[in-house]
Amino acid sequence: LVRSIENTYMGTGALFTAIYRRYDLIICWTPSNGTVQRLSNALATGVPVIARRMPTYEQAFGSRSGILLASGLVELQRMAQELKGSASMRGRVSEAGAVAARQFSRGAIASQYRRAIDDARARIRGRSYNRTECAL
């Protein structure tokens, strides 16, 4: 199930892929791992991931089905046991993670910036223009 992310995340993908493919499960739990880029790198490999529920992750990924966010150690243990016992669940979680990570690819981020710029340009040219509408 491990995918190559060599061309993603400014060239760091090959390093993450090489490291993560050694594991059956990745747990993003410590506060130093609380960045969206680290979680999205892990998700993009296709290895099942359980992350600690953090506002950063919830805001970035919302309530996406298949992204496993645990509130505490008991929930973490339960999720890990469920993954261990179900190949189909591992497959669903892996696929959902890879799909969620794609929203942070360079192309997806460039498209988001382009939409914001185009929206600002349209507002500047529109009749309802005022300075507060164009704040990015």
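Why is helix 2 (residues 36-44) largely enclosed by the rest of the structure? Select it and look: seven of its nine residues are buried, so the helix is largely enclosed. Buried here means under 20% relative accessible area, with a 1.4 Å probe and protein chains only. Helices (H or I, at least four residues) and strands (E, at least two) are DSSP runs, numbered from the N terminus.

Before going on, know that this is a predicted model, where local features need pLDDT of at least 70, side-chain atom pairs count only at pLDDT 80 or more, and totals for chains, interfaces and linings use all residues. Residues are numbered from 1 along each chain as its sequence is written, and side-chain values use heavy atoms, leaving out hydrogens and water.

Now colour the buried residues of helix 2: Val36, Leu39, Ser40, Asn41, Ala42, Leu43 and Ala44. Step just past the helix to glycine 46, which has a positive phi of about 90°.

Three strands make an open sheet in the order 1-2-3, with parallel pairing; two strands pair if DSSP finds at least two bridges between them. At the edges sit strand 1 (26-28) and strand 3 (68-70), each pairing on one side only. Click isoleucine 27 and you'll find isoleucine 50 of strand 2 opposite. Helix 2 packs on this sheet, touching strand 1 and strand 2; contact means heavy atoms within 4.5 Å.

Where do the two helices touch? Pick Ser40, Leu43 and Ala44 of helix 2 and Ser94, Gly97, Ala98 and Ala101 of helix 5.

Conventions:
Buried < 20%, exposed > 50% of the residue type's maximum accessible area, 1.4 Å probe, protein only. Axes fitted to C-alpha atoms, helices over the stretch in contact; angles between N-to-C directions.
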